[in-house]
Amino acid sequence: MTFKLKQTKEQREEQCTHPNLEYDRLKKGPEESRRGKKQTKIAQANKSINRNLNVATREIRRMPSRVSRAAYYLGKARATMTDIAGDEFEEKVSTETNAKWTTIKFNCPDCGMSGEIDVVTDQGVVKECKVGTIGGLVSQFKKISRVAPLILGGSPTVHVAVPSGNGGAVRRAFRQAGSPLPSNAIQEH
Ligand SMILES: [Zn+2]
């Protein structure tokens, strides 16, 4: 009787060479369309945030006893801020690094691996952008590092980009995972 150990998703992805990898086109037109979509999404989110903040302010000015109603709208505004934080940060990194490509989605039909390269700078450096909790960042970084050469060719450098003040926590997370990064591989934006 043969007995095959079940592989984890990560092991399966690590063993696959992704020979049929599918990814967004690296051409001017599709890139402009990706950026346009992201900017529209950010603009709509900001409109919604402002609307909810205005309602909250109005409620509490009209009647202090409406504080719980105001809190409801503040909560809605806050949830949208959290949702859009990743996109806004990617946009910031993309502007600051004069990005050549952004938001390249990829998918391997053989092992099921999928993800996104956030930003490729004008120097060809890949920026894995991370806001909020850093859980899962180390394996995400490894995945992007394996996929980047297949999509961009050569052996691109991969950096982690985090909001200023978050570099230390990221450095610790990589050290604790046994894969410390050189200090210039973690950049604050
Ligand atoms: Zn694969």
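Predicted model: local features only at pLDDT ≥ 70, side-chain atom pairs only at ≥ 80, totals over all residues.

User: What makes up the secondary structure of the protein chain, and which pattern does the chain follow along the sequence?

Analyst: The secondary structure comes to 5 helices and 6 strands. Read along the sequence, the pattern is α-β-α-α-β-β-β-α-β-α-β.

User: Why is the protein chain called more spread out than a compact globule?

Analyst: The globule rule gives 16 Å for 189 residues, whereas the radius of gyration of the protein chain is 20 Å. The value is well over the rule, and therefore the chain is described as more spread out than a compact globule. Along its principal axes, the C-alpha trace spans about 70 × 50 × 35 Å. Of the 189 residues, 21% count as buried.

User: Why is Val 93 called buried?

Analyst: A residue is buried if 20 or more other C-beta atoms lie within 10 Å of its own. Val 93 has 23 such neighbours, so Val 93 counts as buried. Its place is in helix 3, which covers residues 67–96.

User: Which residues is Val 93 in contact with, leaving aside its neighbours within four places in sequence?

Analyst: The contacts of Val 93 are Val 119, Lys 127, Cys 129, Ala 161 and His 189. One of these, Cys 129, is 36 residues away from Val 93 in sequence, yet the C-alpha atoms of the two are 7.8 Å apart.

User: How do you know that strand 2 and strand 3 pair?

Analyst: Two strands pair if at least two bridges are found between them. Strand 2 (residues 101–107) and strand 3 (residues 114–120) have 6 bridges, in the antiparallel sense.

User: What makes strand 3 and strand 4 a pair?

Analyst: The required number is at least two bridges, and strand 3 and strand 4 (residues 126–129) have 2 bridges, again in the antiparallel sense. Val 119 stands opposite Lys 127 in strand 4, and Val 120 stands opposite Val 126. This hairpin has 5 residues between its strands, with Gly 124 in the turn at a positive phi of about 85°.

User: What is the order of the strands in the sheet, and why do strand 1 and strand 6 stand at the edges?

Analyst: The 6 strands form an open sheet in the order 1-2-3-4-5-6, with mixed pairing. Strand 1 (22–23) and strand 6 (186–188) each have a single partner strand, so one side of each is left without a neighbour in the sheet. Helix 4 (residues 137–152) packs on the sheet and touches strand 1, strand 2, strand 3, strand 4 and strand 5. Its direction makes about 75° with that of strand 3. Helix 5 (residues 167–176) also packs on the sheet, touching strand 5 and strand 6, and its direction makes about 165° with that of strand 6.

User: How many residues does the largest nonpolar core have, and which elements give two or more residues to it?

Analyst: The largest nonpolar core has 22 residues. Those with the most contacts inside it are Ile 117, Val 120, Val 126, Ile 144, Ala 148 and Val 160. Helix 3, strand 2, strand 3, strand 4, helix 4, strand 5 and helix 5 each give two or more residues to this core. Beyond four places in sequence, the contacts of Val 160 include Phe 141, Val 170 and Ile 186.

Note on methods
Residues numbered from 1 in each chain as written. Helix = DSSP H or I, 4+ residues; strand = E, 2+ residues; numbered from the N terminus. Buried ≥ 20, exposed ≤ 12 C-beta atoms within 10 Å, placed from the backbone. Contact = placed C-beta atoms within 7 Å. Rg over C-alpha atoms; globule rule 2.2 N^0.38 Å. Axes fitted to C-alpha atoms, helices over the stretch in contact; angles between N-to-C directions. Core = buried A, V, L, I, M, F, W, Y, C linked by C-beta atoms within 7 Å.
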